[in-house]
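Morning, everyone. One structure today, and a short walk through it. Let me put it on the screen.

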Amino acid sequence: MKRREFVMTTAALALLPQAQASDEAMQAAIRAWAGRDPVAGALKIEIAELVENGNAVPVRVVANEPVTGLALFTPLNPEPQVVQISLGANSGKPEFGTRMRLARSQRIVAVAKAADGRCWQTGMDVIVTLAACVEPG
């Protein structure tokens with residue numbers, strides 16, 4: 001790589017927006033999605049408490065009452081919002097399952113929104129022994 005190419009590449013990377021991995025960034029993302037600060041409520045996260053490899057961690061979120069949306073957040077991944085789903089008013093059992101990458105051990109937070117504007121959350125600490133971002137490719 002020539003010196004000029006290196007300088008141009010470095011300058012271009014410096015202009016990219018930086019991902020904010022922090023509790024504050026996660027709380028801001030939750031507020032943006034929910035429209036307010038959620039309270040503790042009837043919501044369940046099903047995920048292993050000890051994860052051997054953070055590359056594809058199965059997770060399931062279940063609400064105990066009808067909701068119009070469910071979302072999953074992590075404070076230490078580059079992007080705090082992992083997934084959000086919208087549900088219809090006639091959803092029988094509001095839940096979803098997915099796989100997510102975990103950069104390292106952290107608290108996973110699930111948030112639910114109801115049609116009447118209420119929103120609530122729950123969290124679970126997950127220990128990751130091999131982070132998703134460090135496994136050799």
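Start with S105, in the loop between strand 7 and strand 8. This is a predicted model, so keep that in mind throughout. Is S105 buried, partly exposed or exposed? Partly exposed, because its relative accessibility is 31%, between the 20% and 50% cut-offs. What does S105 touch, leaving aside neighbours within four places in sequence? L76, V126, I127 and V128. Now look across to E49. E49 and S105 are 56 residues apart along the chain, yet their C-alpha atoms are separated by 9.7 Å.

T74 sits between strand 5 and strand 6, the latter being residues 81–86. T74 has 0% relative accessibility, so it counts as buried. Its contact list, not counting residues up to four places away, runs to M26, E79, P80, V82, M100, L102, Q106, R107 and I108.

I108 takes us to the core. The largest nonpolar core has 22 residues. Which residues have the most contacts inside it? L43, I47, L70, L72 and I108. Several strands supply at least two residues each: strand 2 (43–46), strand 4 (57–63), strand 5 (69–73), strand 7 (95–100), strand 8 (106–113) and strand 9 (119–130). As background, nonpolar side chains in soluble globular proteins tend to be buried together.

Three strands form an open sheet in the order 2-4-7, with antiparallel pairing. Which strands are at the edges? Strand 2 and strand 7, each pairing on one side only. Neighbouring strands in this sheet are turned by 15° against each other on average, direction ignored.

Let's take the pairings one at a time. Strand 2 and strand 4 are antiparallel over four bridges. Here L43 has A63 in strand 4 as its bridge partner. That is the L43 we met in the core list. Strand 4 and strand 7 are also antiparallel, over six bridges. P58 is bridged to R99 of strand 7, and R60 to G97 of strand 7. How enclosed is strand 4? Largely, because five of its seven residues are buried.

Step back to the whole chain. There are two helices and nine strands. The pattern along the sequence is α-α-β-β-β-β-β-β-β-β-β. Of the 137 residues, 34% count as buried. The accessible surface comes to about 8,400 Å², and 54% of that belongs to carbon and sulfur atoms. Now contacts between residues at least 6 apart in sequence. Of these, 68% join residues at least 24 apart.

Last, confidence. The chain averages a pLDDT of 84, and 80% of the residues score at least 70. Which elements have the lowest and highest mean values? Helix 1, residues 3–15, has the lowest at 51, and strand 5 the highest at 96. Over residues 11–19 the pLDDT is below 50. Beyond near neighbours in sequence, that stretch has three contacts in the model. Where pLDDT is low, the predicted coordinates should not be read in detail. That's my tour. Over to you.

Technical notes
Residues are numbered from 1 along each chain as its sequence is written. Side-chain values use heavy atoms; hydrogens and water are left out. A nonpolar core is a set of buried Ala, Val, Leu, Ile, Met, Phe, Trp, Tyr and Cys residues joined through side-chain atoms within 4.5 Å. Buried means under 20% relative accessible area, exposed over 50%, partly exposed in between (1.4 Å probe, protein chains only). Two strands pair if DSSP finds at least two bridges between them. Axes are lines fitted to C-alpha atoms, for helices over the stretch in contact, and angles run from 0 to 180 degrees between N-to-C directions. Contact means heavy atoms within 4.5 Å. Accessible areas come from the Shrake-Rupley method with a 1.4 Å probe; for residues, only the protein chains shown count as cover. pLDDT is the predictor's confidence in each residue, from 0 to 100.
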